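This report goes through one protein chain, from its overall make-up to a few local details. Please keep the sequence and the model at hand while reading.

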Amino acid sequence: MMRRPIFQFAFAVTLVFGLGWTVIAGDAPSPSTPPLDTSSAADATQPVAPKWHPAIASKDLVAAPLVASEVDKRILSELEKAGLHPAERCNDEDFLRRVSLDIAGKLPTPDEVRAFRASTDENKRGALIDQLIASPDFGVNWGRYWRDVIYIRATETRSRLNQEEFTTWMAEQWNQGVGWDSTVTSMLTALGNVQEHPETALIFAQGATTEDVAAETCRVFLGIQLQCANCHDHPSDIWKREQFHQLAAYFPRITERRVMQGKPDFEVISVNTERRRGEFMHEHPDLFVRSFDRNRDDKVTKEELASGPKRINGKKSEGAKSAKMASDDKMAGDDKMTSRKKAAAKKADNAMAKTMVNDDEMRATKLNPKLIDRLFEMGDTNKDGMLTVEEIKAIPAPMNKRRGSAEHYMVDLKNPDSLGDLVDPKFFVDGATLPHGQTDEERRSAVAKSFTSSENPWFARAIVNRIWAEMLGEGFYMPVDDLGPTRTARYPDAMELICKNFVASGYDPKWLVRTVANTEAYQRKIQTRPASESDLPFVAATPVPLRSDIIFSSLAQVFDVDDDGMAGRVGKGKSKKEEKRRPFLQSPRFQFDSLFGIDPSVPKDEISGNIPQSLMMMNSRTFRAGMAAKGETRLNKILAQHKDNREAIRELYLIVLAREPSTREVEISLAYIDDVKNRPESFEDIMWSLVNSSEFISRR
């Protein structure tokens, strides 16, 4: 197999250096276009938010094909003003492959290619779109897309533990047509075990850290980059530092914690106390000791700290009860203690018990073994295995005094060690506020309502822009996660039409994908990308790289195997311990993604291939075995069924590239077969070259 090094090298060069997604020979370059007129763009210092009217004058426009037609008219009008002529429709083969990959994440089969090409139904493209959206693969494909959006920028590396559960959950949301507003609300208000409640994914991925959660929810769900205003007013946008921290004030009362239920797991919970355990320990070391002191010796051991305060009859913790008993004993044995002192001591104990009684808050800040070890390392000065009140007092307080607070504080940049300024929740779009002291559930429900409101234009624009960009290779705004009042959309009228009807559809993701796929802009023929960034987009389709999941699924289809059948040697092996705890890390799909995964928010023209990807595609034993012309492989079956080399070449092209080969491609392949003089080996090389072509791993 693979006898011809020069043959391999030629295609390897195409793969490595062709991953800039250039178009195959024969496509005409796009016409020269004048620069985009930006005279109406909003001044960065005087931003003017685009008008937003979510109400729809004609309900008939909610029908996806009708909206698609109106969108095309508005795009065409802009192109005509610029003196541009859009590319013609792509052929049926290209459309079938394109829409199958974009909507369902799978290649069409040779039979589907032949049937679609032979069909004379005038509405066959619309019918195919509906068929693909109705298939379970629709949700699976887009669930994987959103998995990449959420996890690719995760700050909590352990969040990968629930990525498969999240993918399944998101797939169900999209397959069931759950409104995007409802899905986002679930993610913003999520609580619970991360595997049982996969909607916790975004919060878990950001480590339930107040500022990170605020910044990421704003970027992903509103398409607005607010994170630069964390430390200072945004240098190139209108956002003020205060606005960022007012948004962050919706999220200070969430935290993640590790739980043990047969295996390591995590959960996201609300913490509505004013201070968490670390602050309580330094502010009230005597009460801290007494809350854990089971044997009432005024000291705590590692075992006592690890066991933690426990509920008694659902009312008080074991530590609180023990501390109360100790206090009572002390007062009973002190004849000289006055009634006033007794009352003060009792009040202090009651305050301590009240602080400790809430089980959710206690468990949320329960000391983990590493922290306990650290406390003894820093505080157990006499090395007797116990901590006293005096030893705890000597332990340095945490540098970040805001960490663990139930309220949000904006750091005083002139005095960063101070607590900072207390900030109450306020949403920067509609000015909605919450009074001081609201619970976590009340805060996040309020911000979810503001995020998903039909009066909030950025919520619809963010998802519309994302889906359009994912399917056409470029959005109305670029990058897809950097919208805002100082940005100007290309074809704003067309985008607003989709957004308004998307809101009227009930934020139906199926409606949105159906609308985009039905546009002529989506169905145009591919042409090379204009050199100037100021050129109007959507004159023609643009070749873009496929996501790793789609490439992987396509390879599995070509080899006629399932995911398990793709098990190979992609990436390094994991330890048995890690394999037991995280089985998905051993899956071929996950390992493939570790090499080919891309950030869906990055512009497609900034994505390029690399040497490790090329080496894996060329040298993987799994892939080479899948392309062998022997045994039960797909290629061997093709050669057995098609004795004529021309027919075998045609079938191979249909399987790998979902199209018929050109006359020139057939001639080159036949000449190569004659030159090698070994039918199985020559077809192995041909199949290898097709799988390693830039056409296979891009969308045409």
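**Basis**

The model is predicted: local features need pLDDT of at least 70, side-chain atom pairs count only at pLDDT 80 or more, and totals for chains, interfaces and linings use all residues. Residues are numbered from 1 along each chain as its sequence is written, and side-chain values use heavy atoms, with hydrogens and water left out.

**The chain as a whole**

The chain has 32 helices and nine strands. Helices (H or I, at least four residues) and strands (E, at least two) are DSSP runs numbered from the N terminus. Of the 700 residues, 52% are buried. Buried stands for under 20% relative accessible area, exposed for over 50%, and partly exposed for values in between (1.4 Å probe, protein chains only). The accessible surface is about 31,700 Å², and carbon and sulfur atoms hold 51% of this area; the areas come from the Shrake-Rupley method with a 1.4 Å probe, and for residues only the protein chains shown count as cover. Among contacts (heavy atoms within 4.5 Å) with a separation of 6 or more, 71% join residues 24 or more positions apart.

**Two helix pairs**

Axes are lines fitted to C-alpha atoms, for helices over the stretch in contact, and angles between N-to-C directions run from 0 to 180 degrees. Helix α2 (residues 64-81) packs on helix α22 (residues 492-504) at about 165 degrees, and their axes are 8 Å apart. α2 is therefore roughly antiparallel to α22; angles under 35 degrees count as roughly parallel, over 145 as roughly antiparallel, 65 to 115 as roughly perpendicular and the rest as oblique. On the α2 side, Val-67, Glu-70, Val-71, Arg-74 and Ile-75 take part, and they meet Asp-493, Ala-494, Leu-497, Ile-498 and Asn-501 of α22. This contact of α2 with α22 has six nonpolar, one polar and three charged residues. In this scheme Ala, Val, Leu, Ile, Met, Phe, Trp, Tyr, Cys and Pro are nonpolar, Asp, Glu, Lys and Arg are charged, and the others, Gly among them, are polar.

Helix α6 (residues 136-151) and α21 cross at roughly 110 degrees, with axes that come within 13 Å, so the two are roughly perpendicular to each other. Trp-142, Tyr-145, Trp-146 and Val-149 of α6 meet Ile-463, Arg-466, Ile-467, Glu-470 and Met-471 of α21. By class, the contact of α6 with α21 has seven nonpolar, no polar and two charged residues.

Trp-458 counts as buried because its relative accessibility is 5%. The C-alpha atoms of Trp-458 and Gly-484 are 7.6 Å apart, although 26 residues separate them along the chain. Pro-479 lies in the loop between α21 and α22, and the peptide bond from Met-478 to Pro-479 is cis, with omega near -5 degrees.

**Positive phi**

Most residues other than glycine have a negative phi, and most peptide bonds are trans. Two non-glycine residues with a positive phi are listed here.

| Residue | Phi | Loop |
|---|---|---|
| Lys-383 | about 55 degrees | between α18 (369-379) and α19 (389-394) |
| Ala-658 | about 60 degrees | between α30 (645-657) and α31 (663-676) |

Lys-383 is exposed, with a relative accessible area of 61%, whereas Ala-658 is buried at 1%.
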